[in-house]
Amino acid sequence: MSVYTLGVSAYYHDSAAALVRDGVVVAAAQQERFSRIRHDHGFPGDAIAYCLDHAGISLDELNAVVYYEDPELKYDRVLSSFAGAGPRGLRPFASVLPEWWAWKRDVLARVDAELLALGRGTAPRATASQHHRSHAASAFFPSPYENAAVLTVDGVGEWQTTTIWHGRGTSLELVNSLSYPHSVGMLYSAFTYYCGFKVDSGEYKLMGLAPYGEPKYADLIRRELVHLRPDGSFTLNMRYFAFHQGSRMVGRAFEKLFGAPVRDPESELEQRHCDLAASVQAVTEEIVLGLARAAVELTGERRLVMAGGVALNCVANGVLTRSGIVDEVWIQPAAGDAGCALGAALDHSVAVHGRPHLAAGGDGMSGALLGPGFSDEEVERFLTAGGYVFHTYTEDKLYDEVASHLADGAVVGWFQGRMEFGPRALGARSIIGDPRDRDMQKRMNLKIKFRESFRPFAPAVLAEDAQDYFGLTGDSPYMLVVAEVADRIKSEAALRAGGPGRGLGSINEARSELPAITHVDLSARVQTLTERDNAPFTRLLRAFKAATGCPVLVNTSFNVRGEPIVRTPEDAYRCFMRTGMDVLVLGSHVLHKDDQPPFAEAGDWRDEIPLD
Amino acid sequence: MRFVASTVFLTRFVPVSLYRRLRDTSRFGARFHRSPSAWDKPYAVGPR
């Protein structure tokens with residue numbers, strides 16, 4: 001009889017559920033995809049219901065429910081944080097603590113009650129793991145390595161902000177850690193906040209902004225804000241930060257140090273914001289390299305696995321893979337807190353069932369395609385009921401048909417198979433286009449995604465062709481590594497300049513043969529594709545290559561700015577009709593925008609979706 | 001609850017905070033920022 005373990009992360013941000021059967025991850029999903037609230041922090045009831053339905057079980061059949069962190073340890077840190085805050089902490093203390101006294105200290109009882117309220121039977125009592133142990137388990141247990149050094153880096157869990165573990169077989173041993181408030185995640189979030197972006201969501205915008213700037217403030221950051229040690233550890237100078245005192249991330253001293261107040265969200269970006277982004281990015285890369293060096297030194301392993309929000313900094317990941325500090329790196333695709341649900345469940349399960357994926361080779365993430373899927377029959381029922389016009393193709397015709405539209409310049413909504421788990425669209429819920437098109441980046445940013453024009457798009461490339469186009473040192477199946485585009489596709493102007501163009505004025509310059517995916521610093525956040533990771537998307541790429549000679553597509557998430565990635569055919573159709581996409585592919589069914597009946601909504605949908 | 005929380009904060013937390021600040025014994029203070037290592041355990045290389 002199979003043994004099931006449910007992992008739950010909730011009540012902070014990116015709530016999620018994951019179900020493990022006999023040591024194998026069978027389903028995982030973020031609650032935001034169901035509730036349509038970005039980074040939803042509520043109880044992931046819908047995600048749990050999906051996991052149970054996918055496995056065809058009730059709560060009675062679960063062997064264990066594991067919550068991703070320890071509420072008592074977290075409470076201890078919250079109290080200590082206020083003890084370090086001084087009189088300024090009064091207002092936040094008075095608003096935060098009653099919540100802790102009311103239910104957060106006893107969060108496991110709340111999880112039990114919410115599970116019971118699902119009406120799907122009675123689950124075993126929830127137990128607690130620890131935040132960074134959940135991250136570490138999510139990185140090591142599904143990795144393709146028998147043994148590895150494990151590095152987790154994020155804002156903060158209970159106390160820990162950074163941990164190094166030694167993973168051996170089914171054992172995971174804590175080697176060392178750094179504790180709050182000394183956190184590279186908090187450092188990066190402080191600059192995210194200072195540059196006018198939302199904390200816990202705008203960090204990737206800061207990363208995208210960095211190549212437009214020069215690291216002019218990096219020395220100032222090293223001198224005043226961060227003390228880096230030769231042993232890889234670091235501290236923050238808390239004179240400049242305010243995240244321990246309440247709702248602000250930085251104090252007046254920080255604003256004085258950089259000579260200006262916090263940027264108003266949505267106000268115009270200036271060159272100094274780009275320079276600040278470049279500076280904190282440079283320091284972050286230095287910290288990550290130091291931590292990786294420490295992880296190798298402390299464990300003696302040459303393979304590194306990573307998780308935690310900072311592991312989503314794919315520019316730093318790229319620097320790490322090229323540094324020679326480690327031989328191989330594997331990063332959990334759901335590296336943020338959603339992945340903790342998966343880690344908590346796996347940690348409980350592997351002790352008994354081992355790591356069955358190791359025998360088959362490769363990792364245990366099934367290409368991160370662990371979310372809900374819809375059959376062609378289900379899609380057809382939806383399309384017919386709505387009166388939408390569609391054409392159905394057999395598999396061998398579908399890829400050629402879509403590839404020809406892409407080659408003609410169409411922007412295509414691509415909805416296939418099971419949804420991705422984690423923040424990246426990997427070809428199951430993606431918007432795709434021709435990267436050779438000079439106007440594609442601008443068009444996708446402004447007319448489809450409705451987001452800032454400086455933000456780059458990522459390429460998906462056939463793994464066997466990746467080296468011809470990008471300077472990768474290995475595969476990047478989860479789009480978590482940034483690499484420079486190959487010299488042979490760089491534009492003459494870029495080669496003549498001998499390096500990247502800088503400044504916001506260079507946004508629309510064509511820097512390579514693939515201008516839509518080449519960032520201003522000649523880099524790209526690459527996804528390499530194989531049949532094993534995602535067969536339909538790989539076959540589409542092959543068809544596009546056959547039609548055009550180009551084995552690369554633009555791949556961006558199927559959503560608009562501020563909206564979670566689409567989950568259902570209905571979400572996809574709505575997004576398709578609201579935006580400038582030309583073609584929608586739902587399984588084997590292809591829809592053309594011009595054929596569709598008039599689409600009317602009450603009010604402007606842009607008012608419904610808060611900006612991220 | 002907010003009143004209780006405010007009272008607890010003013011009577012317990014502010015004195016502790018001021019004491020720690022005065023003695024510079026907190027992880028938030030300058031002394032920790034200048035310490036030779038920030039790892040929670042001694043940095044020991046070699047077989048464990």
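Biologist: Is helix H2 (residues 45–55) of chain A largely enclosed by the rest of the structure or open, and how many of its residues are buried?

Modeller: A word on the basis comes before the answer: this is a predicted model, in which local features need pLDDT of at least 70 and side-chain atom pairs count only at pLDDT 80 or more, while totals for chains, interfaces and linings use all residues. Residues are numbered from 1 along each chain as its sequence is written, chains are lettered from A in the order in which they are written, and side-chain values use heavy atoms, with hydrogens and water left out. Taking buried as under 20% relative accessible area with a 1.4 Å probe, protein chains only, and helices as DSSP runs (H or I) of at least four residues, strands (E) of at least two, numbered from the N terminus, H2 of chain A is largely enclosed, because the buried residues number 8 of the 11.

Biologist: Which parts of chain A cover the buried residues of that helix?

Modeller: The buried residues of H2(A) include A:Ile48, A:Tyr50 and A:Leu52. With contact meaning heavy atoms within 4.5 Å, their cover includes strand S1 (4–9), strand S2 (16–21), strand S3 (24–30), helix H1 (32–35), strand S4 (62–67) and helix H5 (107–117) of chain A.

Biologist: What area is buried between chain A and chain B?

Modeller: The contact draws 49 residues from chain A and 31 residues from chain B. Buried area is the accessible area (1.4 Å probe) that two parts lose on being put together, summed over both. Carbon and sulfur atoms give 62% of the area between these chains, which is about 3400 Å².

Biologist: Which three residues supply more of the area that chain A buries against chain B than any other three?

Modeller: The share supplied by the three is 16% of the area that chain A buries against chain B.

Technical notes:
Buried < 20%, exposed > 50% of the residue type's maximum accessible area, 1.4 Å probe, protein only.
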